[in-house]
Amino acid sequence: MRRSTPDWLSDAVIYQIYPQSFADSDGDGIGDLRGVLGRLDYLSWLGVTVIWFNPMFASPFGDAGYDVSDYLTIAPRYGTEADLVTLVEAARDRGIRVMLDLVPGHTSDQHAWFRAAAGDPHDDRYIWSPTRPSAEWVPSPGSRPGFYLPNFYPVQPALNFGYARMHPDEPWRRPVDAPGPAANRAALREIMAHWFDLGVSGFRVDMAFSLVKDDPGRLETARLWRELRAWLDTEYPGRALLAEWGDPKTSVPAGFHADFFLHAVGDVYRSLWGNAEGSHRPEWGTEPCFFAPDAGGSPSRFLTAWEEARAAIDGAGHVALPSANHDFSRLVCGSRTASMVAPAFAFLLTWPSLPTIYYGDEIGMRYLPGLPDKEGSQCGPEARQGSRTPMQWDSSANAGFSTAPAESLYLPVDPDPARPTVEAQRADPASLLHQVRALIAARRSTHALGASGSLRVLHAGYPLVYLRGGTHLVVINPGQARVTAPLPEGLDVSEMSCLAGGDGVKLGAGEVTTDGFAYGVFS
């Protein structure tokens with residue numbers, strides 16, 4: 001049976017909010033739900049249709065909330081369950097849905113499940129061994145002897161969804177249908193149902209690929225998600241699951257409605273945005289990305305991966321493409337300035353993927369280097385905190401994020417006196433914010449530019465030129481040099497008018513010429 005995707009998701013413009021840093025209503029220096037509530041009119045004005053929050057559940061915050069101690073409770077720093085319900089309802093009144101972040105692969109070591117398992121040798125909800133198989137295994141903190149497997153940091157014990165293969169040298173492995181793995185699968189349904197019943201429209205699923213261990217081809221993990229998808233379609237039709245998997249051609253057939261191209265899986269995503277500055281690992285290399293001012297990159301890796309994913313998905317879901325995220329550098333990073341990134345948004349909002357705007361990118365907030373570690377943000381050479389600084393609302397103290405003393409903020413505000421703000425950019429019709437808003441409006445009002453419209457790439461280079469829906473021509477030049485590309489015979493551009501952008505783009509007979517850092521959407 002062919003699966004369907006909710007219409008609201010297919011038409012979505014997603015906005016990712018890192019809740020600690022978006023808006024602080026009570027002056028404690030940390031963002032919260034009531035702060036977001038007070039900014040919903042801005043999000044409605046911008047045109048986004050879905051808010052995705054990073055984890056908001058109770059946590060010791062050893063890893064910024066990705067170490068969950070209670071999946072059914074909102075972390076007190078953000079407010080209460082009632083605050084979330086109020087926000088969900090107020091957002092829906094404005095045509096905006098709310099998605100939460102589900103962390104299924106591990107909990108905090110403070111979760112009641114883990115505290116019980118650390119005292120019970122027969123509890124197999126986590127992965128335990130009587131001996132230490134390798135250095136990353138952590139000694140038991142309770143009366144239970146042995147060691148447990150963490151997924152990421154030591155404070156994040158891996159939940160046991162079983163092993164796809166048994167091994168005689170590791171008799172502690174459990175099959176996927178053992179009691180512990182079965183209990184964990186049931187718990188996922190209970191957690192999702194709790195929040196669905198309160199009006200949440202879906203989940204972005206953290207590390208969705210990682211649940212079943214030693215799983216060649218992720219076959220057992222895919223089987224797990226297909227079972228959950230069947231339950232979802234029956235019990236909660238119209239809700240959606242977005243994967244942090246990084247491989248849409250695998251994850252969407254496995255049951256997800258969409259999956260992100262990610263910086264941490266291959267180099268497809270980095271080949272677009274990664275300029276080897278900011279939150280960068282040396283092993284990623286320094287090859288130029290496509291959206292680099294020297295025009296030394298190529299869209300070919302992305303286009304190849306896109307075609308593979310589209311063929312595998314076959315209309316049953318979507319690829320999601322973010323401007324940035326909480327783990328990777330913002331578009332404005334290092335030598336790439338705010339004046340250069342409008343073409344990136346033109347691409348993001350006219351490509352047939354699900355566009356996801358990381359909070360603040362729409363005004364050109366920059367990746368801020370040199371910040372201290374905060375709640376596990378320094379992950380080896382990846383200084384993820386540089387992408388997690390407070391939203392810049394206006395010219396008041398702390399950029400309008402919080403009334404707390406500056407030293408009490410979750411992370412420092414960008415100290416640059418010329419930092420962009422929502423207030424200043426709303427007052428400037430030529431600002432990046434207004435360009436992003438116009439592109440969102442064009443996408444939402446034009447079926448050909450949405451996730452379902454057809455795509456024909458006419459020139460895969462500088463500029464990138466493609467036709468959407470057979471009717472809308474998109475021209476993207478992320479480089480600083482003036483460039484020209486041929487147009488195919490038979491494509492009549494003489495009567496085309498500009499729908500968005502267009503400054504610096506000239507359509508001629510058989511060719512298009514564009515100035516540096518220019519884009520145009522024509523119909």
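Tutor: The axes of helix α6 (residues 179-196) and helix α7 (residues 219-235) come within 11 Å and cross at roughly 35°; axes are lines fitted to C-alpha atoms, for helices over the stretch in contact, and angles run from 0 to 180 degrees between N-to-C directions. Helices (H or I, at least four residues) and strands (E, at least two) are DSSP runs, numbered from the N terminus. The model is predicted: local features need pLDDT of at least 70, side-chain atom pairs count only at pLDDT 80 or more, and totals for chains, interfaces and linings use all residues. Residues are numbered from 1 along each chain as its sequence is written, and side-chain values use heavy atoms, with hydrogens and water left out.

The crossing of α6 and α7 is right-handed, meaning that the near helix is turned clockwise from the far one by less than a right angle. On the α6 side, Arg185, Leu188, Arg189, Met192, Ala193 and Phe196 take part, and they meet Leu224, Trp225, Glu227, Leu228, Trp231 and Leu232 of α7 (contact: heavy atoms within 4.5 Å). Nine of the residues in this contact are nonpolar, three are charged and none is polar, where Ala, Val, Leu, Ile, Met, Phe, Trp, Tyr, Cys and Pro count as nonpolar, Asp, Glu, Lys and Arg as charged, and the others, Gly among them, as polar.

As for the sheet, eight strands close into a barrel in the order β1-β2-β5-β9-β10-β11-β12-β13, with parallel pairing (at least two DSSP bridges between two strands).
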